[in-house]
Amino acid sequence: MKTYWRILTYLSPYKWKIVLHAILVIISIIFLAVSIALLQPIVNLIFSEKSLLNTANLKVFSFDFMQYFNYWLNGIILEYGKLTALFSALTVIVICNLTGNIFKYLAGYFITYARTKLIEDLRRETFGKISGLQIAYFE
C-alpha cells in the first residue's frame with residue numbers, strides 16, 4: 001500500500017487535470033443519462049394516442065425536466081403534428097448524446113495528459129537514480 005501512496009504523490013502537479021477530468025465525466029454522465037431518459041416520451045408519442053402532459057399540473061418553478069420536455073413536446077404536437085414532434089425530440093436526443101460524448105472525449109484527453117506526464121516523471125526519476133549509480137554497481 002505504501003507503493004501506491006508514493007505513486008500518488010507524483011500526481012500532485014496534475015491534480016487540477018484530474019479534478020477537471022472528474023467534473024467532465026460527471027457532466028458527460030448527466031448528458032448521456034438525460035438522452036436515455038428522453039426516450040420514454042418518444043415511445044409514448046409513437047405508441048400512445050393520449051396527450052403526453054396535463055398542462056394543469058405544470059408548476060412554474062419545478063425542476064422536473066421530464067415535465068418540461070413533455071410540455072414542450074406536447075406543444076409541438078398540437079401546433080405542427082406528431083411527425084415534427086418526433087423529429088424534434090430525436091434531434092434533442094442526438095444533441096444530448098453528442099454533447100455527452102464531447103465531454104467524455106475531453107475527460108479522456110485531460111486524464112491521458114496527466115497519465116502521460118506521471119509516467120514521464122517516473123521514468124525521469126528512475127533514469128536519474130540509475131545514472132547516478134557507480135559503474136561498480138552494475139558489475
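What share of the contacts in the protein with a separation of 6 or more comes from residues 24 or more positions apart? Such residues account for 66% of those contacts, where contact means heavy atoms within 4.5 Å.

This is a predicted model, in which local features need pLDDT of at least 70 and side-chain atom pairs count only at pLDDT 80 or more, while totals for chains, interfaces and linings use all residues. Residues are numbered from 1 along each chain as its sequence is written, and side-chain values use heavy atoms, with hydrogens and water left out.

**Whole chain.** Begin with a cartoon of the protein, which has 5 helices and 0 strands; helices (H or I, at least four residues) and strands (E, at least two) are DSSP runs, numbered from the N terminus. Of the 139 residues, 24% are buried, with buried meaning under 20% relative accessible area, exposed over 50% and partly exposed in between, for a 1.4 Å probe and protein chains only.

**Helices 2 and 3.** Next select residues 15-37, which form helix 2, and residues 39-47, which form helix 3; they pack at an angle of about 15 degrees with their axes 4 Å apart. The axes are lines fitted to C-alpha atoms, for helices over the stretch in contact, and angles run from 0 to 180 degrees between N-to-C directions. The angle makes helix 2 roughly parallel to helix 3, a label for angles under 35 degrees, whereas those over 145 count as roughly antiparallel, 65 to 115 as roughly perpendicular and the rest as oblique. Show S35, I36 and A37 of helix 2 together with L39, Q40 and P41 of helix 3 to see the residues that make the contact.

**Two sides of helix 3.** Now colour P41, I42 and L45, the buried residues of helix 3. On the other side of helix 3, Q40 and F47 are exposed. The buried residues of helix 3 pack against helix 2, helix 4 (65-80) and helix 5 (82-132).

**The core.** Among the 13 residues of the largest nonpolar core, select L38, I42, L45, F69, L73, A85 and A89, which have the most contacts inside it; a nonpolar core is a set of buried Ala, Val, Leu, Ile, Met, Phe, Trp, Tyr and Cys residues joined through side-chain atoms within 4.5 Å. Helix 3, helix 4 and helix 5 are the elements that give two or more residues to this core. Centre on A89, which touches I42, F69, W72 and L73, not counting residues up to four places away in sequence.

**F65.** Finish at F65 in helix 4, which counts as partly exposed at 43% relative accessibility. F65 touches V34 and L38, not counting residues up to four places away in sequence, and its C-alpha lies 9.0 Å from that of V34, although F65 and V34 are 31 residues apart in sequence.
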